[in-house]
Amino acid sequence: MVRFEDTKTAYILKSDQELRKAYLLFRLFSKQLLVRLGGKFVLFLLRLRIPINGILKNTVYRQFCAGATEKESIQLVDLLADLNVKSYMHYAAEGQRTEKGMDASLNHVLETLSIATTNTALPFAVFKATAFGPTHLFKKKSAEIQLDKEESAAWARVLDRIRRCCEFAKDKGVRLLIDAEESWLQKAIDEIALDMMRQYNRGEQAFIFNTVQMYRKDRLSYLESLLHIAQKEKFHLGIKLVRGAYMEKENLRAMEKGYPSPICVSKQATDTNFNAALKLILENLNLCELFLGSHSEDSTSRVVEWMKDQKLPQNHSKIWFSQLYGMADHISFNLAAQGYQVIKYLPYGPVKEVIPYLIRRVEENTSVGGQSPRELGLIKKELKRRRKG
Ligand SMILES: Cc1cc2nc3c(=O)[nH]c(=O)nc-3n(C[C@H](O)[C@H](O)[C@H](O)COP(=O)(O)OP(=O)(O)OC[C@H]3O[C@@H](n4cnc5c(N)ncnc54)[C@H](O)[C@@H]3O)c2cc1C
């Protein structure tokens with residue numbers, strides 16, 4: 001059994017001061033109304049160009065981001081690697097709307113892939129498909145609406161950007177994750193991901209990974225169909241398994257537009273779906289590789305227990321456990337200390353570029369049933385342990 005409560009291991013990289021700061025932040029996140037108003041206030045101040053970057057940098061940014069540049073972030077990558085925790089970096093600026101912005105996103109992904117080729121602590125890179133193309137095109141493609149001539153040309157550029165990343169990843173031997181997004185965009189992303197897996201996941205290992213959100217009711221049958229295709233066409237599946245990040249948005253849109261929500265009816269239903277997917281993947285490791293993107297102790301323990309039952313080595317090459325930087329350190333560092341393959345998601349970028357990412361992290365930690373109480377309890381325990389020590 002992995003002991004996630006070992007807080008000495010969990011917070012080994014954090015100084016007393018950093019821990020106290022993290023404690024205050026997570027306490028703040030537990031005050032829903034304050035966070036909601038605070039978030040709006042921050043955006044308001046930024047719109048007025050009031051300089052608050054310094055405050056953000058010393059608080060949420062430091063908690064959740066690796067640095068402003070690739071070079072700055074590498075220092076953290078090396079620190080983590082010393083503790084057997086690997087990383088993948090992501091330039092976390094979101095919502096690129098111009099062709100220039102999309103090309104810049106492409107260059108960032110190619111850059112992280114390039115850095116990864118020279119650093120074994122970076123076995124993965126990642127991209128968000130909508131960073132490479134206008135959202136409305138993903139929406140139209142997902143709804144099978146015909147594109148006009150101009151849109152078709154823009155879509156060809158999107159596919160070209162994605163193909164360049166996947167080809168580069170395969171050539172350099174770095175695994176590449178494709179993030180999952182909202183359901184009304186995801187069908188187009190799934191089709192591209194399948195195409196890329198077909199092309200670049202030949203042989204005994206997966207290079208391209210698609211993300212499957214198990215809060216969606218239809219994803220278990222989607223996984224089953226993927227496995228069927230992979231078996232028939234003889235390629236490997238790379239699966240990043242997550243619960244899903246856009247629940248409120250999905251439910252709200254379904255309600256407004258009057259269609260049944262694609263999201264499971266309860267947390268328990270999502271968990272049941274998630275566990276069934278885990279089982280399916282683990283029982284088919286000959287066909288796929290698992291990248292578990294979760295902060296759930298229960299989901300993590302299930303995989304660990306299964307590995308023990310099957311007598312698989314902790315560092316099995318087809319099983320990866322991943323958490324976001326600044327969250328669930330008790331899972332990451334305790335698993336890594338016992339030899340499991342752990343990989344932290346490290347977002348980076350200048351403060352003002354990564355604000356939407358930071359807001360999502362804060363909202364996630366603020367939501368009812370979110371991670372904050374658990375984080376708070378563990379940090380408190382560690383501070384107490386240090387005081388006694
Ligand atoms: C490394 C990593 C990569 C990620 N990449 C992506 C990505 O590409 N795309 C993406 O969408 N998300 C992504 N996520 C976020 C992820 O989908 C979850 O939102 C987040 O990790 C919380 O789920 P959990 O398994 O960690 O924890 P838990 O606390 O066990 O689960 C919380 C999740 O359960 C689901 N849930 C909660 N309440 C309900 C309810 N009432 N009804 C139905 N379902 C409910 C929601 O999905 C919620 O996020 C990623 C997370 C990690 C750690």
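1. In this predicted model, strand 2 pairs with strand 3 (residues 175-178) in the parallel sense, over 4 bridges. Within that pairing, F127 has I178 of strand 3 as its bridge partner.

2. The pair belongs to an open sheet of 8 strands, ordered 1-8-7-6-5-4-3-2, with parallel pairing. Strand 1 (85-91) and strand 2 (124-127) stand at the edges; each has a single partner strand, so one side of each is left without a neighbour in the sheet. On average, and ignoring direction, neighbouring strands of the sheet are turned by 30° against each other.

3. Helix 9 (residues 183-200) packs on the sheet, where it touches strand 3, strand 4 (208-213) and strand 5 (237-242). The direction of helix 9 makes about 145° with that of strand 4.

4. Helix 14 (residues 329-337) also packs on the sheet; its contacts are with strand 1, strand 7 (319-324) and strand 8 (342-348). Relative to strand 8, the direction of helix 14 makes an angle of about 140°.

5. The largest nonpolar core comprises 102 residues. Y88, A125, L176, I208, I239, L241 and L290 are the residues with the most contacts inside this core. Helix 9 supplies the largest share of the core, 8 residues. In soluble globular proteins, nonpolar side chains tend to be buried together.

6. I208 deserves a separate entry. Which residues does I208 contact, leaving aside its neighbours within four places in sequence? They are C166, L176, I178, A193, M196, M197, Y200, N201 and G238. Among them, I178 is also the bridge partner of F127, and L176 is also listed among the core residues with the most contacts.

Definitions and conventions: Residues numbered from 1 in each chain as written. Predicted model: local features only at pLDDT ≥ 70, side-chain atom pairs only at ≥ 80, totals over all residues. Pairing = 2+ DSSP bridges. Helix = DSSP H or I, 4+ residues; strand = E, 2+ residues; numbered from the N terminus. Axes fitted to C-alpha atoms, helices over the stretch in contact; angles between N-to-C directions. Contact = placed C-beta atoms within 7 Å. Core = buried A, V, L, I, M, F, W, Y, C linked by C-beta atoms within 7 Å. Buried ≥ 20, exposed ≤ 12 C-beta atoms within 10 Å, placed from the backbone.
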